[in-house]
Amino acid sequence: MNALMGFDHVSVTFPAGRRQRVSAVDDVTFDVLTGETLGLIGESGSGKTTLARAMLGLVPISAGTVSWQGRSTAGFDRVGRREFTRSVQMVFQDPHSALDPRRTILQSVREPLDVMRRGERRERDAQAMAALDDVGLSSQLAERYPHQLSGGQKQRANIARALVTRPRLLVCDESVAALDVALQAEILNLLKDLKAEHDLTVVFISHDLGVVGHLADRIAVMYLGRLAEVAPTDELFTRPRHPYSEALLSAQPEVRGGSRTRRIILEGDIPSPLRPPSGCRFHTRCGHSAPACREILPELRPAGGDRASACLRIDELYPGDERSAVIR
Amino acid sequence: MSVTLSRAVRTTPRRPAVVWFSYAVLAVVAVVVLLADLLAPHAPNEQNLTAILQSPSWQHPLGTDDLGRDVLSRMIHGTRVSILAAAWAVGIAVVVGFPLGVLTGYVRGVTDAAVMRVLDALMAFPALVLAIGITAMLGPDIMTAMTAVGVVLTPVIVRLARAQTMAITQQTYIEAARSFGARGARRMIIPHVVPNVVQPIVAQVAVLAGFALIAEASLSFVQLGVQPPTASWGTVLARSYTFLELAPWSTVVPGAAIALTVFSLNILGEEIQRMLDPRRR
């Protein structure tokens, strides 16, 4: 499989007061493969949303390159930029605030086509109605305003708006976090169906391991703006190769009770991205940190199979893995 | 599901009587402005020195002033002058202030900082004092005076529009629009920002209109606004004030007209704000 979108040593920083910058995403390298569903997980403040916004070009990248089908997005001309904008769409976290309260659902869903000036007004209306139909919203709702819809209906409208341009890549930023559990399942299944139907590649961002596990083929784990581990979903769940991934997995609530694994309790809060820790950014909370972890900033390295981990002590902590294949 | 129910619940509440009362007041004002020539029983400047300071009678329902002019006719013609003067001042404030506020709130940065410093300085002037100062320099004239009032009111609109724009641009739907390439006035500011900024502005405009009406009356009262013999609510009030002890009724009428209209404009502002909110439709 080839890469639809590639991140090559990408960093995103924001100005924060005088001569300070917050490092939201730091030196991130990975590929989004055509046709896959890539899960992106991490705690609040780990840079997931910034990374998502960087995918759409909504935040300026301070270092590195984002490439789309092998071409750097920075070098796009107007036509290329428009095609890229059409091809990469986002479903936002809060279904309510993502819709303009003063526009009807149909107007909102049609808007991307309006902006891209595609075809006649009647055609655009038809396409928007088709997108509403795709996500299972009845045409009666088209003339309603967002406040007249339920949370689930609103999120369906958001998905319809993202699909109306026939994108290749759909970025879902915590797209079910604001919904109750029953609705979450409904929307997740809808996304699954739509992915198959429309040949989509999906990047699914969440802090909820259960949700990501349900959907993703591969999972990337973020901690404080850097990637800790990238692995196929099953592998990550059964054999995590980074202490942070282990801690995340062990923190999952278990409905059936019993103690499958020892729970790893991380001490303290995620450190400030204004002054990230030296060396491995996780060393301040890691149960296995060695003196070297404080000095050396680990790169994401192959960790056996299709996995990559950014743990310095990977050989000591997880002996016996075969580490030959190089897959990012 | 509950959508239809909640809609029904929200659209049914009756408007309180005070709203209907305010609408009635403003309707009367509007009719008087439009049909002043037909409604006035006498010419506003027609003097009758044999019948000065008369009490209300069938011939002069609101009595006569110190020159024997019919107060009702002067009030009717004065309404047009006063309302137009207030509209002029508020019009200036909105036409200049609204685009400036949306622009500075949208682009921010250096433009914003520069514009806001100028407006801060302007805001330091009390509206009436500036108007008095300017008319003192340029000569008393209602248009000059109300232009000055409009200029002083502009920062109020700018600040409100700017603050509202800043709040709106933080909303996810703005970022969503940006994500599919909506940019500039045609695709971003006019469809998304303006409709969401307008609501508090409309309410503020009604309040400012009341203020401008009072400003007209005040300036005319001190003879820096509407010049005699032209009638306006302010000039009628000023004239009758001199003869307060001899003809008290004729001060009540312009005073009540000003008070009722300002009150009604405030109620109207609230109502408009409610009607513009799609959640209350």
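Visitor: Which way do β9(A) and strand β10 of chain A pair, and over how many bridges?
Guide: This is a predicted model, so keep that in mind as we go. The strands themselves, β9(A) and β10 (residues 226-232) of chain A, pair in the antiparallel sense, over six bridges.

Visitor: Which residue in the turn of the hairpin has a positive phi?
Guide: β9(A) and β10(A) form a hairpin, with two residues between them. The turn residue with a positive phi, about 50°, is A:L224.

Visitor: What about strand β3 of chain A: how does it run against β9(A)?
Guide: Four bridges join β3 (residues 37-41) of chain A to β9(A). Across that pairing, A:L38 stands opposite A:R218.

Visitor: How many residues of β9(A) are buried?
Guide: On one side sit A:R218, A:A220 and A:M222, all buried. On the other, A:I219, A:V221 and A:Y223 are buried as well. For strand β9 (residues 218-223), that makes six of its six residues.

Visitor: Which element gives the most to the side of domain 1 of chain A that touches domain 2 of chain A?
Guide: Chain A is divided into domain 1 (3-216) and domain 2 (234-328), and their C-alpha centres lie 28 Å apart. The contact takes 15 residues from domain 1 and ten residues from domain 2. On the domain 1 side, β2 (21-33) and α7 (209-215) of chain A each supply at least two residues. The most, six residues, comes from β2(A).

Visitor: Which residues does B:A89 touch?
Guide: Leave out residues up to four places away in sequence. What remains is B:M146, B:V149, B:G150, B:L153, B:A212 and B:A215.

Visitor: And which element supplies the largest share of the side of chain B that touches chain A?
Guide: The contact takes 18 residues from chain B and 22 residues from chain A. On the chain B side, α7 (172-179) and α8 (184-221) each supply at least two residues. By class, that side divides into eight nonpolar, six polar and four charged residues. The largest share, seven residues, comes from α7(B).

Terms used
Residues are numbered from 1 along each chain as its sequence is written. Chains are lettered from A and ligands numbered from 1 in the order in which they are written. This is a predicted model: local features need pLDDT of at least 70, side-chain atom pairs count only at pLDDT 80 or more; totals for chains, interfaces and linings use all residues. Two residues are in contact if their C-beta atoms, placed from the backbone, lie within 7 Å. Ala, Val, Leu, Ile, Met, Phe, Trp, Tyr, Cys and Pro count as nonpolar, Asp, Glu, Lys and Arg as charged, and the others, Gly among them, as polar. Domain bounds come from an automatic or database domain assignment. A residue is buried if 20 or more other C-beta atoms lie within 10 Å of its own, exposed if 12 or fewer, and partly exposed in between; C-beta atoms are placed from the backbone. Two strands pair if DSSP finds at least two bridges between them.
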